[in-house]
Amino acid sequence: MSQIQVLFPILGKLQTQKIVIAIAIFGIISQPRLVENMRNAMNTPTVGVFMFMVVWLLVSIPFGVYPGQSILFITQSYWKILVMFLLIISYVSTMEEVSKLIWVYISAVALLAMVTIQSAGYGRM
């Protein structure tokens, strides 16, 4: 159980992931500094490797054992990784911001772990 929507069904109906992603993308577009961060990051070797992997993934679809499953993976899972990568390279530009982001992830995982452990008594685990 790694989805908070399982514990709180109302969150699944609201589609909070799409709302949060839309807000974050709007934040990037509305602030010139973040657009500049993204432009600067696009010239780094890390982004080049990531974009190569995206192209490799797309080119290899027809040669896969199950091409339909490859397309499902891209449309259901991989686009989230791509959006998250783009958000991170635009919002995080200094080591201090990297440190803050790591602590946000640690806090979110700790909160999810606490909620999951507490819900174990309700038979949802």
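**Figure 1. Contact of helix α4 with helix α6 in the predicted model.** In this predicted model, Leu34, Asn37, Met38 and Ala41 of α4 meet Leu86, Ile89, Ser90 and Tyr91 of α6. Helix α4 spans residues 32-41, and its axis lies 7 Å from that of α6, at a packing angle of about 110°. Because angles of 65 to 115 degrees count as roughly perpendicular, α4 is described as roughly perpendicular to α6. Sorted by class, the residues of the contact of α4 with α6 comprise six nonpolar and two polar ones, with no charged residue.

**Figure 2. Crossing of helix α3 and helix α6.** Helix α3 covers residues 16-30, and the axes of α3 and α6 come within 11 Å, crossing at roughly 35°. The crossing in which α3 passes α6 is left-handed. On the side of α3, the contact is made by Ile21, Ala24, Ile25, Gly27 and Ile28; on the side of α6, Trp79, Val83, Leu87, Ser90 and Tyr91 take part. Eight nonpolar and two polar residues make up the contact of α3 with α6, and no charged residue is included.

**Figure 3. Packing of helix α5 on helix α6.** Helix α5 (residues 45-60) and helix α6 (residues 67-91) have axes 12 Å apart and pack at an angle of about 165°. The two helices, α5 and α6, are therefore roughly antiparallel to each other. As in the view of α3, where the crossing with α6 is left-handed, α5 passes α6 in a left-handed crossing. Helix α5 contributes Val47, Phe50, Met51, Met53, Val54, Leu57 and Leu58 to the contact, and helix α6 contributes Ile74, Tyr78, Ile81, Leu82, Phe85, Leu86 and Ile89. The contact of α5 with α6 consists of 14 nonpolar residues, with no polar and no charged ones.

**Figure 4. The aromatic pair of Phe50 and Tyr78.** Four aromatic pairs are found in a search of the whole structure. One of them is formed by Phe50 and Tyr78, whose rings are stacked, with 6.5 Å from centre to centre and 15° between the planes. Phe50 belongs to helix α5 and Tyr78 to helix α6; the pair thus links distant parts of the chain, its members being 28 residues apart.

**Figure 5. Confidence of the prediction.** The protein has a mean pLDDT of 83, and 93% of its residues reach 70 or more. Among its elements, α5 has the highest mean pLDDT, 90, whereas helix α1, residues 4-7, has the lowest, 70.

How values were computed
Residues numbered from 1 in each chain as written. Predicted model: local features only at pLDDT ≥ 70, side-chain atom pairs only at ≥ 80, totals over all residues. Heavy atoms only, no water. Axes fitted to C-alpha atoms, helices over the stretch in contact; angles between N-to-C directions. Helix = DSSP H or I, 4+ residues; strand = E, 2+ residues; numbered from the N terminus. Parallel < 35°, antiparallel > 145°, perpendicular 65-115°, else oblique. Left-handed = near helix turned anticlockwise from the far one by under 90°. Contact = heavy atoms within 4.5 Å. Nonpolar A, V, L, I, M, F, W, Y, C, P; charged D, E, K, R; others polar. pLDDT = per-residue confidence, 0-100. Phe/Tyr/Trp six-rings, centres within 6.5 Å; stacked < 30°, edge-to-face > 60°.
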